[in-house]
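This briefing describes selected features of a predicted model, arranged by topic. Please consult the sequence and the structure shown here alongside the text.

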Amino acid sequence: MKKILITFLIMFTFSTPAFAKINIVATLPWIGSLASDIGKDKVAVKVLVKPSQDPHQIEAKPSMILAAKNADILIYNGLDLEIGYLPLLIESSRNTKIQPGQVGNLDCSQFINVIEKHEAVDRSMGDVHPLGNPHYHLSAQNILGVVRGITQALCSLDPEQASFYKTNLATFEAKLKEKRKQWARVSLKGKRFIAYHRFFEYLAQEFGFQIVGYVEEKPGIPPSAGYIEKLVETMRRSKPDGIITTTYYGKEEIDSLSQKTGVKSIVIPHDVGSALDINDWFSLMDTVLKSLQ
Amino acid sequence: MKQGIMLLIILCLLALSGYALAESEIESRIRALEETLKKQEETIKSQQIMINELKEQIKKDEVAIIPENKEQPTETKKETKATGLFGGSALSNPNISLVLNTYAYSSNLTTDELKNRGIFGYTTEGISRRNGFNLDAAELAFFAPVDPYFNLYATIPVTEDGAEVEEAYFVTTSLPEGHQIKAGKFKSGFGRLNSQHSHVWDFVDNPLPYRAFISSDDSGIDEKGLQYTYLAPLPFYTILGVEILQGENKTLFGSDAAGGAHAYTAFAKASLDVSDNATILFGPSVITGKTKTDTVAANTDFTGDTTLYGLELTYKWKPTKYHGFKLQSEYLYRTQCGNLTDLNPGGTVQRLDRNQDGLYIQGVYLWNRWEFGARYDALGLFKDDYILAGVKQDQGRRPWRMTGMADYTFSEFSLLRLQYNHDESDVTGKPNDELFLQFIFTIGAHPAHQF
C-alpha cells in the first residue's frame, strides 16, 4: 500500500517536469498542423477534433477535458465555431493558463479579416455565425496572419526558444511565398460553383471564383425537397462549374444533384488529415485547388 | 543720300540683329522650358516605374517577414476584437437561454389513479402527470463569467405554479491545477441522469430506480450546498468529488430531516476513449444523510438514516454527426434503517430496515435526424429486503417497466419525441400504459454539448 502511495506521489510531483515541451491543445487539425510547423520538436500538439468530424457538432468528451487540463496553450478557430463545447471544456479543465484573457487562450480569428459579419440575426436563418464566417483557413492571407499570431504566442510563452520559433516562422513564410507563386498560376477566376455549406467563401475571395448557390437551404439545416427542386432548375439553366462539399457531410446530396443536372460533384478535403496524403496545411491547399480545377 | 541709305541699312541691321538677339533669347528660354518639362516627364516616368516596382514588390512581399514594429498593431487588434468564445455578447448581458419542455400525455389510468400510484414497499409518491397537455417548464438559464475567478450559472424553471430556483451556483476557474469548487444550489454529481437536466435526457421521464430512491418527479438530488471536485493528474480522465448538502430532497431525506446540513456525497467518474469514435464513462457514487419522511408507507412517519449507492456506465459510439449509438445504465442500492411510526389510532413504533436495489439500462440509436431508443428498468433485482421489527415482509411482484422511444431533431434547438411506457410497478398488477408526445425547444444562448 505504501509503495503504491509513493508511486502515486512521485507521479503527481513529476507530472510537469521542468524541461517539458510546450503542451499545445488545438481544436482543429489545421491549427494543430500550423502549431507543429512553428513549434516542431519543442512542442507537443494534441488536436481535439478529428478530420472526419463536423467541426460544428462536437461534444466535450472527458478525454478532451483531460487534454485541456494539461495544456499550456489552447489554440482555437473562434467566431463561435467551438461555442458548443469550448466554454464548457475551458471551465471543466480547471486550468488557469487557458482561461479567457490569458496568453494560453489563443483565438486565431483575431488575426484575420473576417467576412460575412451579421448585424441582426436570428435562428430562423439557420445556424448562422453572427461574428462572421468561421471557415477561414482555406486562405493564404489568413493563414499568414494566424501563423504569425501563433508564433507570437509561443514566443511569449517560451521566450528561451523565441529565436527557434521565429526561424521556423521564416521557413514557413518562405515556403508560403513559393507556394503562392505556384497557386497564382491556378486559374479559377470567373468559375461558378454551388456549395453545400458556407465553407469556401474566403477561398473564393482569394482566387476570384464565385459561389452562386448553396445546397443547404439555410446554414446547418438540411435542404427540403422543394428547395432542391428549385436548385436543380436554376442549375440546369445557369450551368455552374461544379457542386462542392467537404468530406464530412453532403456527399450523397451533391452526388444526387450531380446526377440530376450533369454538373460535376467535387468533394473537397476540408482539413489536414481528411485524406491520406494531406499531412499539413500546404498539401491541404494543394489538394483543394487541384480538386477545384 | 548715300549716307542716308547707309544709316538706314545700319539701322535695319541693328534692328535685325536686335530682333535676332531677341529671337534667340526666346528660343533658348523655350528650349530651357522644354528641357525642364522633359526632365519632369522623366522624373514622373521614373517615379511611375518606381511605384510600379514597389507595387510589384508589395504584391510579392506580402509573404515577407514583418518587422518587429509591425507586430504592434496585431496586438492592439487582439484586444478590440470579440473572441466569440462566450457568444461575443456585450458585458452588460449574461448569456440567457430559455428551454421549453412541454408534452401531451395519455394513460389508461385516470389522473387520480396516477396520483395515488406509488410503488409498494418503496414509495407512496405517485405520478403528478395529467392526461392531456402538460407543461413541464419554461426553463430560464443565465450564465456568464463573474470575473477572472468565478463563473455563475442560474437555472430558473417557470412552471404554472410560478418560478423556482432550480440551480444558482458559482464555479471557480482560477484554483490551482485540477481543483474546483461549486457552491450555491445545484444538481449533485451523484449518478448520471441526476447530474443532467431532464431536457437533455434521452427519454421523457426518469427510470423506476430514480423514482423509487431519488425523486418522484424529474428533479433529482438538487440541493443547496458545496461541492469540491478534483481532476486527477492521471493518464485517463478521472474526476473525484465530495459534497456537503442541506439534504432536503423529499424522497431521499424528507424536507425537514435535520436542523442543518446533514447529507454527504462522494463520487468518482473515469472515462476512456476505447477508439477514435467510442468513449466510455463509468464510476461509483454514494450519498448519505438523515431521513424524516412520510412516504415509506401510508399513514406512517419514518425517522432514520439513508445511504444510497450508485454505479453508472455510459458508452457512446458516434462515428459521424448523423450516425451513432449510446448505451447507458445505472444501478442503485439503498440501505435505510430507523423507526417507522404507525399514525393510525393505537399505532406502534417499529424498527424498519430496508435494503433495496434497482437498475435501468437504455440504448439509443442515432440515424440521420432520428433517434430510436429502448429502456428496461426494474426494482428489487438482486436485493429487496423490507424488514419490519426483524421480520422480512413479503413484497409481492417485482416492479418493472419497458419503454420504447423515437425522436426527431429538426435542428440543434428543437426536438419532437414520442415515447411509450408499459409499467408493471404496481403491486396489484394493474399496468400503466403511457404515451408521451414531447416537444423541447431552446432559444437564446447556445447550449453546451455535454458528454
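In chain A, four strands in the order β2-β1-β3-β4 form an open sheet with parallel pairing. Its edge strands are β2 (43–47) and β4 (105–107) of chain A, each of which pairs on one side only. Helices and strands are DSSP runs numbered from the N terminus (helices H or I, at least four residues; strands E, at least two), and two strands pair if DSSP finds at least two bridges between them.

The model is predicted: local features need pLDDT of at least 70 and side-chain atom pairs count only at pLDDT 80 or more, whereas totals for chains, interfaces and linings use all residues. Residues are numbered from 1 along each chain as its sequence is written, chains are lettered from A and ligands numbered from 1 in the order in which they are written, and side-chain values use heavy atoms, with hydrogens and water left out.

- Five bridges link strand β1 (residues 22–26) of chain A with β2(A) in the parallel sense, and Val45(A) in β2(A) is the bridge partner of Ile24(A).
- Helix α2 (residues 29–39) of chain A lies across β1, β2 and β3 (73–76) of chain A and runs at about 175° to β2(A).

**Packing of α3(A) and α4(A)**

- Helix α3 (residues 62–69) and helix α4 (residues 86–93), both of chain A, pack at an angle of about 60° with their axes 8 Å apart.
- The two helices α3(A) and α4(A) are therefore oblique to each other (angles under 35 degrees count as roughly parallel, over 145 as roughly antiparallel, 65 to 115 as roughly perpendicular and the rest as oblique).
- Met64(A), Ile65(A), Ala68(A) and Lys69(A) of α3(A) make the contact with Leu89(A), Ser92(A) and Ser93(A) of α4(A), where contact means heavy atoms within 4.5 Å.
- The residues of this contact between α3(A) and α4(A) comprise four nonpolar, two polar and one charged; Ala, Val, Leu, Ile, Met, Phe, Trp, Tyr, Cys and Pro count as nonpolar, Asp, Glu, Lys and Arg as charged, and the others, Gly among them, as polar.

**Sheet β6-β5-β7-β8 of chain A**

- A further open sheet of four strands in chain A has the order β6-β5-β7-β8, with parallel pairing.
- At its edges stand β6 (210–214) and β8 (265–268) of chain A, each with a single partner strand, so one side of each has no neighbour in the sheet.
- Neighbouring strands of this sheet are turned by 35° against each other on average, direction ignored.
- Strand β7 (residues 242–246) of chain A runs parallel to β8(A), joined by four bridges, and Ile243(A) stands opposite Ser265(A) in β8(A).
- Helix α10 (residues 281–292) of chain A packs on the sheet and touches β5 (192–195), β7 and β8 of chain A, its direction making about 180° with that of β8(A).

**Chain B and Leu313(B)**

- Chain B has four helices and 18 strands, and 41% of its 451 residues count as buried.
- Among contacts in chain B between residues at least 6 apart in sequence, 60% join residues at least 24 apart.
- Leu313(B) lies in strand β11 (residues 300–320) of chain B and counts as partly exposed at 38% relative accessibility (buried means under 20% relative accessible area, exposed over 50%, partly exposed in between, with a 1.4 Å probe and protein chains only).
- The C-alpha atoms of Leu313(B) and Phe302(B) are separated by 32 Å, the two residues being eleven apart along the chain.
- Leaving aside neighbours within four places in sequence, Leu313(B) is in contact with Leu281(B), Phe282(B), Leu327(B), Gln328(B) and Ser329(B).

Terms used:
Axes are lines fitted to C-alpha atoms, for helices over the stretch in contact, and angles run from 0 to 180 degrees between N-to-C directions.
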